[in-house]
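The structure under discussion is shown below.

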Amino acid sequence: MTNMIEQARSNIQQLRPYQPGKPIDELAREMGLNAEDIVKLASNENPLGPSPKALEAIQAEFAELTRYPDGNGFELKKALCEKLGTVNYKIGPEQLTLGNGSSDILEFIVKVFVSAGDEVVFSQHAFAIYALVSKMQGAECIAVPAKDYGHDLDAMADAITDKTRIVFVTNPNNPTGTWLNKTELSDFLNKVPSNVIVLLDEAYFEYVDEAEYPNGIDYLAQYPNLVITRTFSKAYGLASLRVGYGISHPDVADLMNRVRPPFNVNSMALAAAVATLSDDEYVDASKKLNDDGLKYLIAEFDRLGLPYIPSVGNFISFEIPAEKNISAADVNQKLLQAGVIVRPVANYEMPNHLRVSVGTGAENKAFIEAMNKILG
Ligand SMILES: *Cc1c(COP(=O)(O)O)cnc(C)c1O
């Protein structure tokens, strides 16, 4: 019998699928627990539930389910242009690329610019999708050692060679929650050759309040090689619908639209995204819940003697130090038995850490109570 695995392109043979957070129903089956008793803090989802405006907008789309969605996403692009433009810089629809999640945009940018044997650069502890989509294309991945868990931008600039096509920068970074300030970002952009794409992943943009946190859009006019990605999966609470977008120079958007599958964003996702974009009350409430939750978790980690990486996202990675006499993997297993799902990050070269998403007050408390029991 022909071994079909051996028939695949060699770089695909070496790929391992993305490991998502464990779904609630799966843990319920495995542990014989009730799904309602399980707390999932593993995928940086918005714990508030969707915006009521999104639910209304989705319902209004039901009657049109037989029709293909608007493949150009006219209404969503219009709403994004109104929302994202700044006093100094207007955004036009020709600069936007819509994705089935922002992960889609990451795949498009690699398909457009990277050939087999080319190099891409990202930081150690960077989002797993960068390596996945790059290896799919046969690229060489250069992971630059992190500095205090964050990006070492000087070292990343030094890692650029004649073969480099894309540098991925994540601000703030997942799973570490570290962030880059305006000076660090602009110094870096000045160093990157203009023929190398800088993919600035701002999946957690809406959560960050730091005065020195840069808005990538402010740099687009000066750097046509800059591509920004954002998503409706996190602060906008629409992870299941899969909708994200890229903001770039119009030529780059034109190229990405050539590889974008037709109708990659469905009509309910489009409608829900437009509705949530105008729901400031929802996003403000999500941020407030997150700020309160982060404060609570940090205080509890201090009390439990667990070091953590300060985070500006809707998640935080904490360490199980050696003196606790239990490994992070075992803590994770015991949390699962208690019906709490967090994210092991050993595959991000952080074997002694776990990442927990910020939940509702009750969810955060359930997680901490389980930790109290596990650590005695
Ligand atoms: C969650 C996340 C995304 C967004 O993924 P979607 O495909 O938009 O759901 C992108 N980048 C990072 C770093 C993330 O953590």
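A crossing of two helices is left-handed if the near helix is turned anticlockwise from the far one by less than a right angle. By that convention, α5 and α11 cross in a left-handed sense. The model discussed here is predicted.

**Helix packing**

Helix α5 covers residues 74-84 and helix α11 covers residues 267-277; their axes come within 9 Å and cross at roughly 20 degrees. Angles under 35 degrees count as roughly parallel, and α5 and α11 are therefore roughly parallel to each other.

The second pair consists of helix α13 (residues 328-337) and helix α14 (residues 361-375), whose axes are 10 Å apart and meet at an angle of about 120 degrees. The helices α13 and α14 are therefore oblique to each other. The crossing in which α13 passes α14 is right-handed.

**Ligand surroundings**

The ligand is surrounded by 13 residues, and the closest are S103, Y204, T231, S233 and K234. By class, the shell around the ligand holds 3 nonpolar, 7 polar and 3 charged residues.

| Residue | Distance from a side-chain N or O atom to a ligand oxygen atom |
|---|---|
| N174 | 2.7 Å |
| T231 | 2.6 Å |
| S233 | 2.6 Å |

On its own, the ligand has 390 Å² of accessible area, and the protein covers 93% of that area.

Methods
Residues are numbered from 1 along each chain as its sequence is written. This is a predicted model: local features need pLDDT of at least 70, side-chain atom pairs count only at pLDDT 80 or more; totals for chains, interfaces and linings use all residues. Side-chain values use heavy atoms; hydrogens and water are left out. A residue is near a molecule or strand if one of its heavy atoms lies within 4 Å of it. A polar contact is a pair of N or O atoms within 3.5 Å; within protein, one must be able to donate a hydrogen and the other to accept it, and residues adjacent in sequence count only if both atoms are side-chain atoms. Accessible areas come from the Shrake-Rupley method with a 1.4 Å probe; for residues, only the protein chains shown count as cover. Ala, Val, Leu, Ile, Met, Phe, Trp, Tyr, Cys and Pro count as nonpolar, Asp, Glu, Lys and Arg as charged, and the others, Gly among them, as polar. Axes are lines fitted to C-alpha atoms, for helices over the stretch in contact, and angles run from 0 to 180 degrees between N-to-C directions. Helices (H or I, at least four residues) and strands (E, at least two) are DSSP runs, numbered from the N terminus. Angles under 35 degrees count as roughly parallel, over 145 as roughly antiparallel, 65 to 115 as roughly perpendicular and the rest as oblique.
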